[in-house]
Amino acid sequence: MVGLDVARQAEGSPRRVAAVWAAGGSWVGSLVAVTVGLALGGGNPSPYLLVDSVQGLIYPAIGGSVASRRPRNPVGWLLVGVGAAHGLDVLAGALLLRGVPLAAWAESWLWFPGLGTLTAVLPLVVPDGRPPGPRWRLVLLLSVGAVGLATLIAMAQPTVQGRPGEVLTNPVGVPGADAAVGPAFLLYLACSVVAVASFVRRWMTADRDGRRALLPILVAMVVVVLALVAVKVVQALGGASAAGPVVQALGGASAAGPVVQAVVLPLIPASVAVSVLRYRLFDIELVLRRSVVYLVLAVLLGAVYAALIFATTGLLRNRFPSVPVTVATVGVALAFAPLRTVVQRAVSRVLFGDRDDPYAVLSGLGRRLAAARRPGGALDGVTELVCETMRVPAASLVGRNGTVVAATGTLPPAALRLPVVIDGEEEGELLVAPRAPGDTFGRRDRELLEDLARSAGPALRSDRLADELRRSRERLVAAREEERRRLRRDLHDGLGPALAAITLQLDVAAAQLGRDVRAAGELLAEVRRSAADVVADMRRVVSDLRPAELDDLGLPAAVERVAERISPGGPAVSVRCAPLPALSAAVEVAAYRIVQEAVTNAVRHSGAQRVTVDIAARGGDLAVCVEDDGNGLRPDAVPGVGTESMRERAAELGGTLDRCARAVGGTRVTARLPLEPR
């Protein structure tokens with residue numbers, strides 16, 4: 001109980017200690033009032049004595065617990081006041097039976113402040129004790145005023161109800177006050193509707209954390225309303241005989257209302273305490289789903305029960321009075337299991353999407369991937385589907401290089417990271433934000449997210465390959481333009497001036513041929529040397545375009561020439577080349593340049609004593625492998641221009657290139673070039 005917390009709170013602040021004592025005293029006072037009322041009013045015939053007694057005991061206890069921990073939050077004190085009013089009402093009812101004159105007057109209005117506070121005031125201030133906004137302060141004041149005004153009018157009525165069948169004169173009554181009861185009640189009812197509507201609106205517009213705080217109260221309100229409506233439906237069906245054995249055991253349909261109220265009304269302070277103090281410690285979504293499922297199920301089964309009662313009563317009740325109830329009970333029992341399955345699926349889909357149906361989720365992902373109309377658009381569909389399915393605020397897909405390729409919402413730092421793996425190779429990560437700060441994903445959620453990550457793998461790889469292809473084409477175009485620029489420069493700056501100089505020298509030689517044959521001969525010899533230089537430059541330009549050795553000797557012999565040029569002054573280079581099929585010009589040039597660059601790197605940078613070149617056709621590819629026994633690759637080695645050039649040459653043909661350290665020391669460069677275009 002609240003009073004037992006005093007010793008534990010003694011070290012707290014003076015405000016909190018005072019709140020503990022005040023809350024404990026309120027609960028003790030209410031306990032005394034209810035106990036004395038029950039002891040003195042043993043013959044009280046009011047069916048609502050149970051309701052007042054339960055509220056008089058539970059509301060101060062729960063409200064005091066909230067108030068002792070949150071002294072500045074008025075919500076706890078409101079619950080304490082509601083319970084105290086009901087406890088005093090129990091005592092007033094007992095004193096009325098004992099003939100105390102003022103007891104009838106007190107009992108005529110003590111019940112209303114508690115009810116008015118619950119319906120017109122509390123929804124405006126839960127859970128933090130403040131109205132939803134500055135504009136709602138006027139509504140809060142109006143609600144408090146409406147409850148106070150209705151209470152004053154009830155206190156001032158000219159007559160009050162005494163013992164059963166007895167009407168007494170109100171000692172503090174005001175003539176004509178009863179005429180104001182209707183307008184005051186309408187004003188209170190309007191304020192209650194506005195307060196409840198403001199609560200629902202606040203829940204709908206709140207962020208995820210705010211919804212989690214308000215959700216327990218919303219569930220409790222739904223339970224209370226549906227329970228009270230169900231009682232009214234049962235009472236309307238014709239009393240205890242139609243309502244079944246449970247209501248009969250409670251004393252008939254007329255007694256069912258107070259009993260149900262006594263059971264469900266304590267849910268309100270309990271839900272308020274959960275919202276104010278401990279809402280993060282519970283799986284509120286699970287509570288909501290199960291509550292809604294069973295509430296909807298109860299309503300539907302009640303409708304089935306009522307329909308069967310009405311359908312069979314007119315035909316069989318006169319001859320077989322127990323048959324309608326029996327038929328309705330059997331019908332409800334048979335309908336329970338299939339109806340529960342249907343309702344649970346429908347509620348889960350409405351509240352939480354399709355996460356309980358992995359097939360539907362993966363099918364939806366397939367449709368989104370197929371419907372993408374632009375590169376990368378399919379990945380946007382993946383993140384959107386994750387957010388919709390898992391009811392999370394944000395998700396994103398990150399490529400293998402750390403680039404965000406698709407995102408929905410803004411990810412917090414503490415996001416769940418799931419690798420996207422395809423063919424044993426990690427293509428990236430799927431990052432998913434928790435539903436609320438501090439939340440974690442359960443086993444079923446993680447399994448579904450892992451399935452989504454696996455399904456997104458091909459799309460992520462396709463997006464990466466499309467991006468690499470685009471960048472490769474851009475590099476190819478840039479390289480082609482650079483090659484054209486180099487050729488233009490070589491022709492314009494080298495061959496052009498050289499040929500112009502030869503022309504001038506020939507003109508001078510022709511002019512001197514008649515006057516000085518010797519000088520003309522010397523000029524012609526100079527022209528011959530210049531022409532030889534031009535021929536050498538032309539050969540160099542042509543060789544840069546395509547090595548002449550490939551056309552003259554073929555790829556194996558051309559690679560042998562590369563080895564011969566290096567071996568005399570460097571490491572020993574050996575070439576192994578299996579019989580090759582006819583190769584396209586592009587494959588020959590790429591293989592030749594890759595071997596040339598790899599061997600040159602081994603000679604210049606590795607300190608190798610031996611280099612081995614192996615060329616063979618394997619599985620539709622031309623496999624080129626260059627190994628050396630040098631120093632190998634450093635862990636922090638960054639690919640240079642030569643390595644990137646080799647990789648680009650392989651990628652242009654749809655092939656691959658790998659450069660790694662050998663287990664026995666040295667470096668291995670392996671290229672696979674497709675023999676047929678891909």
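**Helix packing and strand pairing in a predicted model**

Visitor: In which helix is phenylalanine 185 found?
Guide: This is a predicted model. Within it, the helix spanning residues 181-205 holds phenylalanine 185. That helix is α7.

Visitor: Is phenylalanine 185 buried, partly exposed or exposed?
Guide: The relative accessible area of phenylalanine 185 is 44%. Buried requires under 20%, and exposed requires over 50%. Phenylalanine 185 is therefore partly exposed.

Visitor: What distance separates the C-alpha atoms of phenylalanine 185 and isoleucine 153?
Guide: Along the chain, phenylalanine 185 and isoleucine 153 are 32 residues apart. The separation of their C-alpha atoms is 9.8 Å.

Visitor: How are α3 and α5 oriented to each other, roughly parallel or roughly antiparallel?
Guide: The axes of helix α3 (residues 74-97) and helix α5 (residues 111-125) come within 8 Å, and they cross at roughly 165°. Angles over 145 degrees count as roughly antiparallel. The orientation of α3 and α5 is therefore roughly antiparallel.

Visitor: Does α3 pass α5 in a left-handed or a right-handed crossing?
Guide: Two packed helices are described by the angle between their axes and the distance between the axes. The handedness can be stated as well: the crossing in which α3 passes α5 is left-handed.

Visitor: Which strands are the edge strands of the open sheet of 4 strands?
Guide: The sheet has the order β4-β3-β6-β5, with antiparallel pairing. On average, its neighbouring strands are turned by 15° against each other, direction ignored. An edge strand here pairs on one side only, and the two concerned are β4 (404-408) and β5 (416-422).

Visitor: Which residue in β6 stands opposite valine 421?
Guide: Strands of a sheet pair through backbone hydrogen bonds, either parallel or antiparallel. For β5 and strand β6 (residues 425-432), the pairing is antiparallel over 7 bridges. The residue of β6 opposite valine 421 is glutamate 426.

Visitor: What percentage of the residues of the protein chain count as buried?
Guide: The protein chain contains 22 helices and 11 strands. Among its contacts with a separation of 6 or more, 64% involve residues 24 or more positions apart. Of the 678 residues of the protein chain, the share that count as buried is 41%.

Terms used
Residues numbered from 1 in each chain as written. Predicted model: local features only at pLDDT ≥ 70, side-chain atom pairs only at ≥ 80, totals over all residues. Heavy atoms only, no water. Axes fitted to C-alpha atoms, helices over the stretch in contact; angles between N-to-C directions. Parallel < 35°, antiparallel > 145°, perpendicular 65-115°, else oblique. Left-handed = near helix turned anticlockwise from the far one by under 90°. Pairing = 2+ DSSP bridges. Buried < 20%, exposed > 50% of the residue type's maximum accessible area, 1.4 Å probe, protein only. Contact = heavy atoms within 4.5 Å.
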